[in-house]
Amino acid sequence: METRQETFAAGLVTALPIGLGYFPIAFAFGVAATGAGLSGWEAAALSVIIYAGASQFLALALLTSGAALPVAAFTLIAMNLRHVLYGPALMKAAGAGAGKRHAWLWAWGLTDEVFGAALGEIARGRRFSEAGMFGLGLLPYAAWVSGTVAGALAGGGALAGWPVLEAGLAFLLPALFLALLLSILTRPQVPVIVVAGLACVAGTLAVSSTAGILGGMLAGALAGVMRRARA
Amino acid sequence: MRWEVLALALVVGAANWGFRYLPIRFGLGSGAEGGMLGRFLASVGPAAIATLFVASALPFVAGGALLAPVPGTVAVVAVWLWRRSVVLATLAGAVAHAAGFALGL
């Protein structure tokens with residue numbers, strides 16, 4: 001097993017599939033934003049300042065439906081509440097003494113996918129480093145912002161003539177999550193993964209995709225607590 | 001740029017930054033190695049990745065096209081077992097899914 005420290009360059013390489021996955025989604029966001037009446041600058045500002053995919057799409061719906069600003073803000077903030085768990089979980093996996101001096105900056109890039117990739121690298125024996133986190137976070141952020149700008153400039157239907165390419169790009173994120181899951185998979189984690197997956201399906205079908213994601217994470221983590229408590 | 005768009009972005013963006021950074025800054029969960037919180041945090045990672053995989057894959061089967069994700073999924077698993085590379089496995093999955101789409105799966 002590797003024991004090398006994660007470098008900035010290694011972080012960039014690890015982030016490559018995330019960037020490839022983000023670009024077309026951000027492109028779609030840029031197209032949708034301009035289609036909903038936002039200017040290119042407004043679309044870009046949402047991606048630069050919010051940097052959270054699902055909540056940005058929801059922001060479009062809220063802005064165009066005329067929702068009151070406090071209601072829209074509260075809804076979007078609640079949607080991203082799950083990110084509270086990522087930092088502590090990452091630092092726990094990184095171990096005692098892991099640097100966090102520059103976390104005020106690299107933590108901005110701690111999205112779902114970057115968090116998963118960082119955990120995967122640690123599980124594969126790479127030692128956590130802040131330089132690695134900068135590399136891991138920079139490429140996806142750049143892809144997200146540039147994809148939004150490209151989508152806003154291209155306008156509606158830009159990928160309509162390339163359905164096979166569109167299909168392949170659409171599968172990048174599920175493929176990435178599956179690969180990340182395989183990279184951290186160990187036998188003791190199987191119950192956690194099964195419970196999380198089932199709870200996600202149940203929450204999505206019964207309530208919403210946001211409830212499914214939050215419920216799946218919490219149920220899986222609680223399953224881990226219960227299993228280890230009995231062990 | 002309309003002020004309500006900028007204000008919404010700034011408020012939500014500030015909250016996102018706080019959610020991502022402040023738990024690290026204040027060391028939430030540190031020193032909880034053997035406790036319930038420590039076990040909870042150790043399980044959050046696998047649970048989150050499993051949840052996000054399911055959430056991102058659900059739309060592909062929700063439309064009734066149950067075979068649609070099969071080529072991509074098989075490719076991800078096969079390339080992961082072969083090369084143990086997240087990058088290659090991900091890209092292979094996307095290519096296989098596109099090929100399956102082109103073939104009408």
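Before going on, a word on what you're looking at. This is a predicted model, where local features need pLDDT of at least 70 and side-chain atom pairs count only at pLDDT 80 or more, while totals for chains, interfaces and linings use all residues. Residues are numbered from 1 along each chain as its sequence is written, chains are lettered from A and ligands numbered from 1 in the order in which they are written, and side-chain values use heavy atoms, with hydrogens and water left out.

Let's stay with chain A. Its C-alpha atoms fill a box of roughly 55 × 40 × 40 Å along the principal axes. Chain A has 13 helices and 0 strands; helices (H or I, at least four residues) and strands (E, at least two) are DSSP runs, numbered from the N terminus. Of its 231 residues, 49% are buried, meaning under 20% relative accessible area with a 1.4 Å probe, counting protein chains only.

Now for chain B. What radius of gyration does chain B have? The answer is 20 Å, whereas a compact globule of 105 residues would have one near 13 Å. The box around its C-alpha atoms is roughly 50 × 50 × 25 Å, taken along the principal axes. You'll find 4 helices and 0 strands here, and 53% of the 105 residues count as buried.

The UniProt record (an unreviewed entry) lists residues 36–55 and 86–104 of chain B as "transmembrane region". Such annotations may be inferred rather than shown by experiment. In the model, residues 36–55 of chain B are 100% helix, with end C-alpha atoms 27 Å apart. Residues 86–104 of chain B are 89% helix, and their end C-alpha atoms also lie 27 Å apart.

Next, the empty spaces. Rolling a probe the size of a water molecule over the atoms shows where empty space is left. On a 1 Å grid over the protein atoms alone, a cavity is a set of points where a 1.4 Å probe fits but cannot get out, and a pocket is an open set with protein on both sides within 12 Å along at least five of seven lines; lining residues have an atom within 4 Å of a point. A volume is the space filled by probe spheres set on the points, which are joined across faces, edges and corners.

The largest pocket has a volume of about 1000 Å³. Its lining has 40 residues, and A:Ile25, A:Gly53, A:Ala54, A:Phe57 and A:Leu173 lie nearest its centre. Both chains take part: helix H2 (36–62) of chain B and several helices of chain A, including H2 (16–35) and H13 (209–230), each supply at least two lining residues.

There are also 2 cavities of 30 Å³ or more. The largest cavity holds about 70 Å³ of space, and A:Glu6, A:Arg126 and A:Phe128 are among the residues lining it. The second largest cavity holds about 30 Å³; its lining includes A:Ala78 and A:Thr210.

Technical notes: Rg over C-alpha atoms; globule rule 2.2 N^0.38 Å. Buried < 20%, exposed > 50% of the residue type's maximum accessible area, 1.4 Å probe, protein only.
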